[in-house]
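Give the cut-offs behind each term as it comes up.

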Amino acid sequence: METDIKQLRHKKLRTWIEESAALCKPDKIYVCDGSKEEYDRLMQLMVKNGMAIPLKKKANSFLFRSDPSDVARVEDRTYISTTNQADAGPTNNWVTPEELKKTMRGLYEGCMKGRTMYVIPFSMGPIGSPIAKIGIQLTDSPYVVCNMDIMTRVGTKVLDQLGEHGEFIPCLHSIGAPLAEGQQDIPWPCAPIEKKYISHFPEENLIWSYGSGYGGNALLGKKCLALRIASAMAQREGWMAEHMLILRLINPKGKQYHIAAAFPSACGKTNLAMLQPTVPGWKAECIGDDISWMKVGTDGRLYAINPESGFFGVAPGTSYATNPMAMETLKENSIFTNCALTDDGDVWWEGMTPEPPIHAIDWKWRDWTPGSKETVAHANARFTAPAKQCPVISPDWEKPEGVPIDVFIFGGRRPSVVPLVYQAYNWDHGVFLGATAASETTAANIGAVGDLRRDPFAMKPFCGYNMGDYFSHWFAMGDKLGDKAPKLFYVNWFRKSGDGSWLWPGYGENSRVLKWICQRIEGEVSARETPIGYVPNEGDLDLAGMNIPTENVKQLLHVDKDAWKTEADGIAKYFTEFGDHFPKRLSIQLEEMKKRLAG
Ligand code: OXD
Ligand code: MN
């Protein structure tokens with residue numbers, strides 16, 4: 001039965017919905033119950049109005065194509081709005097809350113005319129988990145409702161958990177495309193780029209998003225709530241909200257290790273989250289592919305949950321060869337955005353199969369044949385798939401108390417300089433590794449440092465407060481965890497040889513590196529001290545049956561002092577960007593590395 005908002009028991013929630021409706025002026029308000037019947041009904045509505053295409057080859061799955069102007073997160077239209085600019089820091093766009101709200105109120109005025117305002121009660125994390133948080137998203141996009149249904153836990157059970165006085169994070173979203181009386185809707189309504197705003201008000205735990213229907217701009221539980229707002233809450237409250245996958249590894253004796261790992265985009269994060277180990281006797285289970293919320297448990301260890309319940313993964317490049325577990329996950333009950341449509345009613349994207357289809361309809365609804373100048377799927381085409389469908393999802397992925405984290409891993413894409421794996425000397429050194437994480441954006445000349453994009457902790461676009469304060473928060477968490485703190489490592493799957501070929505095969509073989517990491521924790525395997533940290537000796541990695549040239553292993557584990565001196569100069573320059581919120585403990589780490597390099 002449909003819920004009238006007057007029946008909502010939470011007075012503050014009712015008032016906020018009424019005020020938002022008075023501003024946005026929807027034709028109708030609908031409170032989502034999170035049922036399958038509701039999901040099916042909304043999908044059918046979108047099929048009827050031409051927004052969704054049902055896929056013959058994948059049960060209960062649908063293809064959407066966005067407006068070509070609305071295909072990705074819009075970082076330059078994303079704001080952290082705090083009273084003082086210093087609290088947003090040098091890595092965020094900033095406008096005062098007063099000014100931003102004034103501008104956005106003007107945009108919200110009447111923006112839902114001709115549309116329904118959906119009220120989505122959602123939980124980030126298993127409902128009732130001590131680490132979970134409740135959000136309420138108001139949106140005029142049924143596409144957003146269905147995606148939120150997969151990506152979060154939605155519905156009446158969340159309202160029950162909220163009760164009359166529970167805390168929630170208000171998330172107001174509009175695609176910014178009101179319909180005049182009798183006006184025909186279009187498949188992907190949205191506002192032009194200069195009217196898009198993805199705004200966060202961390203001082204009031206409030207999110208306002210306008211103008212985009214796509215991904216992190218519109219599914220507000222993900223980047224907006226679970227990272228930007230949550231990171232600011234975590235700093236205030238003494239926990240951690242990180243852009244990290246969560247993986248469980250099980251050794252041949254059955255011992256479990258939990259790893260949380262941060263990588264910038266295009267570094268194989270989803271592949272690692274769904275790893276199938278090649279190293280004999282080891283097993284892996286996926287707990288999360290993107291975000292980790294962590295709190296100190298009563299035993300003093302750090303416990304993590306995946307706040308999401310689905311995967312919003314990049315489609316191009318995903319295949320049975322690169323990530324069979326993702327392919328199995330998205331076989332049914334999934335949403336595809338900006339992928340191509342094949343003639344037999346399936347989706348396709350670059351790299352999905354070795355041979356492309358002989359004909360398809362591309363993401364811009366045009367005929368496409370192999371050899372065309374443009375790609376058939378957009379480079380940021382996505383699948384939205386339920387996590388519970390992943391064949392290697394851990395039986396404990398929804399454990400309310402989370403899983404104890406043993407290891408943090410940072411990484412990036414570095415064709416040169418950075419070895420395959422190394423371990424930090426201690427927590428402070430590990431924070432230095434996370435803070436200086438970088439990916440090479442262009443092909444580097446071998447031996448020289450290329451065009452580096454530093455992405456500290458893979459949080460640059462997602463930190464909801466001053467990045468310098470965020471670094472300090474990492475130090476504070478280490479102080480709190482003491483000897484119970486996870487151990488920290490850095491990996492680089494992407495090192496190349498002089499002729500430009502990959503030195504390491506990656507994918508399932510990465511389990512060999514993870515085995516070394518777990519053995520380091522147990523003190524079962526050696527390593528050599530280098531200026532940058534503990535690096536495996538050539539015999540320390542289990543490479544049995546791998547057929548990798550010894551020369552490759554040498555290069556993969558090589559630490560070139562001169563290249564690292566240049567790296568240290570780059571880091572020193574980069575550290576000056578953070579101004580007076582920058583913690584001294586990071587400068588000390590740089591000085592210590594420099595001393596080790598000079599020695
Ligand atoms: C994502 C991202 O979509 O990090 O997860 O951009
Ligand atoms: Mn991400």
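**From a loop residue to the ligand shell**

Val-95 is found in the loop between α3 (85-88) and α4 (97-108); helices (H or I, at least four residues) and strands (E, at least two) are DSSP runs, numbered from the N terminus. This is a predicted model, in which local features need pLDDT of at least 70 and side-chain atom pairs count only at pLDDT 80 or more, while totals for chains, interfaces and linings use all residues. Residues are numbered from 1 along each chain as its sequence is written, chains are lettered from A and ligands numbered from 1 in the order in which they are written, and side-chain values use heavy atoms, with hydrogens and water left out.

Val-95 has a relative accessible area of 16% and is therefore buried; buried means under 20% relative accessible area, exposed over 50%, and partly exposed in between (1.4 Å probe, protein chains only). Residues up to four places away in sequence aside, Val-95 touches Tyr-79, Ile-80, Ser-81, Thr-82 and Leu-100, where contact means heavy atoms within 4.5 Å. Asn-84 is 11 residues from Val-95 along the chain, and the C-alpha atoms of the two are separated by 9.2 Å.

Thr-78 lies in strand β4 (residues 78-80). With a relative accessible area of 12%, Thr-78 is buried. Its side chain reaches the backbone oxygen of Val-74 at 2.6 Å; a polar contact is a pair of N or O atoms within 3.5 Å, and within protein one must be able to donate a hydrogen and the other to accept it, with residues adjacent in sequence counting only if both atoms are side-chain atoms. Leaving aside neighbours within four places in sequence, Thr-78 is in contact with Asn-93, Ile-198, His-200 and Arg-228.

Strand β9 (residues 197-201) and β10 pair in the antiparallel sense over five bridges; two strands pair if DSSP finds at least two bridges between them. Strand β8 (residues 169-174) is joined to β10 by four bridges and runs parallel to it, with Tyr-210 in β10 as the bridge partner of Ser-174.

Why is strand β10 (residues 206-210) largely enclosed by the rest of the structure? Five of its five residues are buried. In a regular strand the side chains alternate between the two faces of the sheet. In β10 both faces are covered, with Leu-206, Trp-208 and Tyr-210 buried on one side and Ile-207 and Ser-209 on the other.

The hairpin of β9 and β10 has four residues between the strands. Asn-205, in the turn, has a positive phi of about 50°. Most residues other than glycine have a negative phi. Asn-205 counts as buried at 15% relative accessibility. Another positive phi, of about 60°, belongs to Asn-547, which is not a glycine. Asn-547 is found in the loop between β31 (533-535) and α14 (550-556), and at 78% relative accessibility it counts as exposed.

Strand β23 (residues 382-386) has five of its five residues buried, so it is largely enclosed by the rest of the structure. Arg-382, Thr-384 and Pro-386 are buried on one side of β23, and Phe-383 and Ala-385 on the other. Strand β17 (residues 310-314) pairs with β23 in the antiparallel sense over five bridges, and Gly-313 stands opposite Phe-383. Three bridges join strand β18 (residues 335-337) to β23, again antiparallel, and Ile-335 stands opposite Thr-384.

A further sheet is open and has four strands in the order β11-β15-β16-β24, with antiparallel pairing. β11 (240-242) and β24 (403-404) stand at the edges, each with a single partner strand, so one side of each is left without a neighbour in the sheet. Strand β15 (residues 292-296) and strand β16 (residues 302-305) are joined by four bridges, and Met-294 has Ala-304 in β16 as its bridge partner.

Arg-382 of β23 is also one of the residues around ligand 1, with Arg-73, Lys-223, His-243, Asp-290 and Phe-462; near means that a heavy atom of the residue lies within 4 Å. This shell divides into one nonpolar, one polar and four charged residues (Ala, Val, Leu, Ile, Met, Phe, Trp, Tyr, Cys and Pro count as nonpolar, Asp, Glu, Lys and Arg as charged, and the others, Gly among them, as polar). Oxygen atoms of ligand 1 lie 2.8 Å from a polar side-chain atom of Arg-73, 2.9 Å from one of Lys-223 and 3.2 Å from a side-chain N or O atom of Asp-290. Taken alone, ligand 1 exposes 200 Å², of which the protein buries 83% (accessible areas come from the Shrake-Rupley method with a 1.4 Å probe; for residues, only the protein chains shown count as cover).
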